[in-house]
Amino acid sequence: MNVFRLAGDVSHLVAIIILLLKIWRSKSCAGISGKSQVLFALVFTTRYLDLFTVFISVYNTVMKVVFLALSYATVYLIYMRFRNSYNSENDTFRVEFLLVPVIGLSFLENYAFTPLEILWTFSIFLEAVAIMPQLFMITKTGEAESITTHYLFFLGLYRALYIANWVWRYHTESFYDLIAIVSGVVQTIFFCDFFYLYFTRVLRGRGKMTLPMPV
């Protein structure tokens, strides 16, 4: 495993832990899109169906279990434990606009027309757009707490580091996964505007990231 993939996995894990701690400590999920978290839980579920049938390494198995457990814990906190604080009126992104094309692409573009391979491809495509309900929610409300933006920053950093991982693997192993690369690049593009606002506003010490109002 190269350093870019390891750093990407750590960044991904840090992002989820930041979000969980934010919810648990504040006893509130205000400003967090439950729809995005359900989509991420669906991503991990469909991607890791081989958990008990294919063994790659202890690290790989442990990370799969951790990501599954933390994603479902986040969904539980939002929709069960602290559901009274869930801001559903602002979490209004139409997820069917994501799921329908993602399902269609999974059947059209895959490496093998088998159930597990189609579901793996579905998870890759879905991960690329799963953050959209959260970004839409921030756009709709016009601001986000700094802890939420820290979560988004590390999530975007994870994708950027995985792009570096693919470049490294191509140069050292002559290996590339076109589906994963294209999906990762698309997801990283979604974060570009956010990264700019994060560095220019949040890191300057503001408690919240306020979006510029349209003219």
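**Stop 1: a charged pair**

Select D50 and K64 and show their side chains: they meet in a salt bridge, 3.0 Å from N to O. (A salt bridge here is a side-chain nitrogen of Lys or Arg within 4 Å of a carboxyl oxygen of Asp or Glu.) D50 sits in the loop between α2 and α3 while K64 is in helix α3, so the pair ties together parts that are 14 residues apart in sequence. Searching the whole structure turns up 5 salt bridges.

Before moving on, some housekeeping. This is a predicted model, where local features need pLDDT of at least 70 and side-chain atom pairs count only at pLDDT 80 or more, while totals for chains, interfaces and linings use all residues. Residues are numbered from 1 along each chain as its sequence is written, and side-chain values use heavy atoms, with hydrogens and water left out.

**Stop 2: α2 against α3**

Now colour residues 34-47 (α2) and 58-81 (α3); their axes come within 9 Å and cross at roughly 155 degrees. Helices are DSSP runs of H or I, at least four residues, numbered from the N terminus. Axes are lines fitted to C-alpha atoms over the stretch in contact, with angles from 0 to 180 degrees between N-to-C directions. α2 and α3 are therefore roughly antiparallel, a label for angles over 145 degrees. The crossing is left-handed, meaning the near helix is turned anticlockwise from the far one by less than a right angle (clockwise would be right-handed).

Which residues of α2 meet α3? Show G34, K35, Q37, V38, A41, F44 and T45 on the α2 side; their partners in α3 include F67, Y72 and Y79. Contact means heavy atoms within 4.5 Å. (Ala, Val, Leu, Ile, Met, Phe, Trp, Tyr, Cys and Pro count as nonpolar, Asp, Glu, Lys and Arg as charged, and the others, Gly among them, as polar.)

**Stop 3: α4 against α5**

Next, pick residues 96-108 (α4) and 115-129 (α5), whose axes come within 9 Å and cross at roughly 140 degrees. That makes α4 and α5 oblique to each other, and their crossing is right-handed. Among the residues that meet are L98, V102 and F107 in α4, with F122 and F125 in α5. By class, the α4–α5 contact has 11 nonpolar, 2 polar and no charged residues.

**Last stop: an annotated span**

Finally, select 150-168: the span is 100% helix and 0% strand, with its end C-alpha atoms 27 Å apart.

Conventions. Helix = DSSP H or I, 4+ residues; strand = E, 2+ residues; numbered from the N terminus. Parallel < 35°, antiparallel > 145°, perpendicular 65-115°, else oblique.
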